[in-house]
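These are my notebook entries on one protein model. I list what I looked up, in the order in which I looked.

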Amino acid sequence: MLANVISAIGTEHFYKTLFTVMRTEINACQLVAHRFKGVSPYQMPKKIEPLAVEADDSASCLKRVNEYIEKLYSSDPFLNIIMAPTATANVRVEAISTEQMAHNEYRERLFSSSELAGKISLILRLPEDALSISIYRKNSQGSFSANEITRISDMGAILTAALERHCSLKRDASGDITSIAKIFSGLSLGKPLSDRESAICAYITLGYSNLAISLHLDVSIHTVSTYRRRAYAKLNVTSQAEVFNLLLKHMH
């Protein structure tokens with residue numbers, strides 16, 4: 001579990017770094033990564049897990065991600081690629097402009113209403129799961145050009161390796177969250193943490209941002225911030241690094 005804790009922190013930084021690069025290189029305004037569990041050509045994904053959300057307008061982006069997971073994923077123009085059968089890992093890079101999207105509700109709710117021009121998606125298809133990183137930008141920057149799509153494709157080998165690593169790290173993340181939360185709930189440092197405060201501390205040590213935690217727990221970013229602040233006060237810490245060091249001292 002300790003190896004996963006350390007490695008997952010690095011994984012969180014991977015997405016932040018990638019978004020920074022994409023914002024600089026191709027004017028990206030948001031980056032969203034998903035894991036589609038239990039995919040096949042004959043059934044919809046059993047579960048869609050948000051892995052990362054990086055955006056200039058995080059609140060608006062969070063709303064769109066929730067709408068996508070709850071319903072609109074079924075109209076994703078790349079869903080046939082996500083669900084395509086495969087015996088080995090393979091990667092695809094696909095791009096689409098808002099004008100090319102056939103499904104009206106998908107287009108209007110996820111793109112047109114937020115003035116998004118389209119997306120480029122890097123899709124890693126595995127035998128049982130699929131992972132995707134989608135990069136978006138505003139209408140003011142226009143649709144992605146053929147040259148920009150080629151540049152993303154050229155990064156495919158590096159991004160695919162990172163996605164595969166992320167998949168292995170996150171496969172048993174729920175078990176790690178539960179185990180780590182139990183450690184925090186058992187700390188005797190004064191007033192005990194609540195179950196929600198302990199869970200949020202567990203997510204923090206695994207490198208999740210407030211936005212990512214809110215996605216996993218289905219609560220607002222404000223609620224996560226409130227619980228995080230209360231937990232920090234009870235633990236007498238002020239940073240993620242201090243929370244992580246506190247966990248290390250109590251792991252057996």
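I began with the secondary structure and found eleven helices and five strands, where helices (H or I, at least four residues) and strands (E, at least two) are DSSP runs numbered from the N terminus. The model is predicted, so I kept in mind that local features need pLDDT of at least 70, that side-chain atom pairs count only at pLDDT 80 or more, and that totals for chains, interfaces and linings use all residues. Residues are numbered from 1 along each chain as its sequence is written, and side-chain values use heavy atoms, with hydrogens and water left out.

Burial came next: of the 252 residues of the protein, 52% count as buried, a term that stands for under 20% relative accessible area, with exposed meaning over 50% and partly exposed in between (1.4 Å probe, protein chains only). I also looked up contacts, meaning heavy atoms within 4.5 Å, and noted that among those between residues at least 6 apart in sequence, 67% join residues at least 24 apart.

Cores: the largest nonpolar core has 29 residues, such a core being a set of buried Ala, Val, Leu, Ile, Met, Phe, Trp, Tyr and Cys residues joined through side-chain atoms within 4.5 Å. Phe 36, Ile 82, Tyr 106 and Phe 111 have the most contacts inside it. Two or more residues each come from E1, E2, helix H2 (58-70), helix H3 (79-82), H4, E4, E5 and helix H9 (210-217), and H2 gives the most, with four residues. Apart from this core lies another, of 25 residues, with Leu 187, Ile 200, Ile 204 and Val 224 among them.

Aromatic rings: a search of the whole structure gave two aromatic pairs, where rings of Phe, Tyr and Trp (its six-membered ring) pair if their centres lie within 6.5 Å, and planes under 30 degrees apart count as stacked, over 60 as edge-to-face and the rest as tilted. Tyr 106 and Phe 111 form a tilted pair, 5.7 Å centre to centre with 35 degrees between the planes. The ring centres of Phe 111 and Tyr 136 are 5.7 Å apart and their planes are at 40 degrees, so this pair is tilted. It links distant parts of the chain, with Phe 111 in the loop between helix H4 (104-110) and strand E4 (116-125) and Tyr 136 in strand E5 (residues 129-138), 25 residues apart. Leaving aside neighbours within four places in sequence, I found Phe 111 in contact with residues including Thr 98, Met 101, Leu 116 and Gly 118.

Strands: E1 (residues 30-37) and E2 pair in the antiparallel sense over eight bridges, pairing being called if DSSP finds at least two bridges between two strands. Arg 35 stands opposite Glu 49 in E2, and eight of the nine residues of E2 (residues 47-55) are buried.

At 6% relative accessibility, Asp 129 counts as buried.
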